[in-house]
Amino acid sequence: MSGEPLLLALHSSSETLAVGLQPLGATEAPSLASFPLGRRLSNDLLPCLEEVLPAERWRQLGRLVVATGPGGFTGTRLTVVLARTLAQQLAIPLHGFSSTLLIARRLALGGGPLAGVPRFWLTQELPRRGTVAGAYGPRPEALGGLAELQAPRLFRMPQPWQPATAEEPCRPAVVDPEADTAELLALGQAAAAAQLPGPWGPVLPLYPTSPVEGL
């Protein structure tokens, strides 16, 4: 990775920060690292990033991808802000993808347990609030071949959430930090191959619930 432009991926939609790095256009396996930071993310985000890519090499970056959530309010916001700042200062493309889309890709592509299923749901139960649910399915026209058919949103209690039909499987949205960051890199490579512009301005954290709700 000495001279070629690099693709950097940041994922902090769980208690673990994951960082991925790969040359743009590469077919070899990426470099992946995970850091179980929890609430220490605000202090340790930059040092962890520099473990993977020292600051003096940041100008080698050619494109960025970041997981936009849903996830913890502070953790997701910090990595999105960092990605936006790097993209703006380095004048390089930035793409944001939901963490649930990354999970869906892992489950539905490459022979995963939901391969070939036309429409399925990923859910996260929020105690005393309801269920966050989003729908996904294969679409050849979508970037990477899998589309977010319904963006994750909160279905509030007391009505229990149910898929529209029994033919639509439902799985919990469980993050696998390094595996999902590999999916993030794959989407970044696809965006680069398609020469998508990737303006940083529209990339924002995804919050199905308000961070001040219930205060």
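These legends describe close-up views of a predicted model. Local features need pLDDT of at least 70 and side-chain atom pairs count only at pLDDT 80 or more, while totals for chains, interfaces and linings use all residues. Residues are numbered from 1 along each chain as its sequence is written, and side-chain values use heavy atoms, with hydrogens and water left out.

**View 1. The open sheet has five strands in the order β3-β2-β1-β4-β5.** Strands here are DSSP runs of E with at least two residues, and helices are runs of H or I with at least four, both numbered from the N terminus. Two strands count as paired if DSSP finds at least two bridges between them. The pairing in this sheet is mixed. β3 (31-35) and β5 (94-97) stand at the edges with a single partner strand each, so one side of each has no neighbour in the sheet. On average, neighbouring strands are turned by 15° against each other, direction ignored; the axes are lines fitted to C-alpha atoms, for helices over the stretch in contact, and angles between N-to-C directions run from 0 to 180 degrees.

**View 2. Strand β1 (residues 6-11) pairs with β2 and with β4.** Six bridges join β1 to β2, and these two run antiparallel. β1 and β2 form a hairpin with five residues between them. Leu-8 stands opposite Leu-21 in β2. To strand β4 (residues 61-67), β1 is joined by five bridges, and this pair runs parallel. Leu-7 stands opposite Arg-63 in β4. Six of the six residues of β1 are buried, where buried means under 20% relative accessible area, exposed over 50%, and partly exposed in between (1.4 Å probe, protein chains only). One side of β1 carries Leu-6, Leu-8 and Leu-10, and the other carries Leu-7, Ala-9 and His-11.

**View 3. Strand β2 (residues 17-23) runs antiparallel to β3.** Five bridges join β2 and β3. Leu-21 stands opposite Ser-31 in β3.

**View 4. Helix α1 (residues 41-52) has a buried side.** α1 has 12 residues and reaches 15 Å from its first C-alpha to its last, close to the 16 Å expected at 1.5 Å a residue; the expected span is 1.5 Å times one less than the number of residues. Leu-41, Leu-45, Cys-48, Leu-49 and Val-52 of α1 are buried. These residues cover an arc of only 100° around the axis, which puts them on the same side of α1; the arc is that of the directions from the helix axis to the C-beta atoms. Asn-43 and Glu-51, on the other side of α1, are exposed.

View 5. A salt bridge is a side-chain nitrogen of Lys or Arg within 4 Å of a carboxyl oxygen of Asp or Glu. By this rule the count is four. Arg-105 and Glu-183 form one of them, with the closest N and O atoms 3.0 Å apart. Asp-180 and Arg-106 form another, with the closest N and O atoms 2.5 Å apart. Asp-180 is buried, with a relative accessible area of 0%, whereas Arg-106 is partly exposed at 23%.
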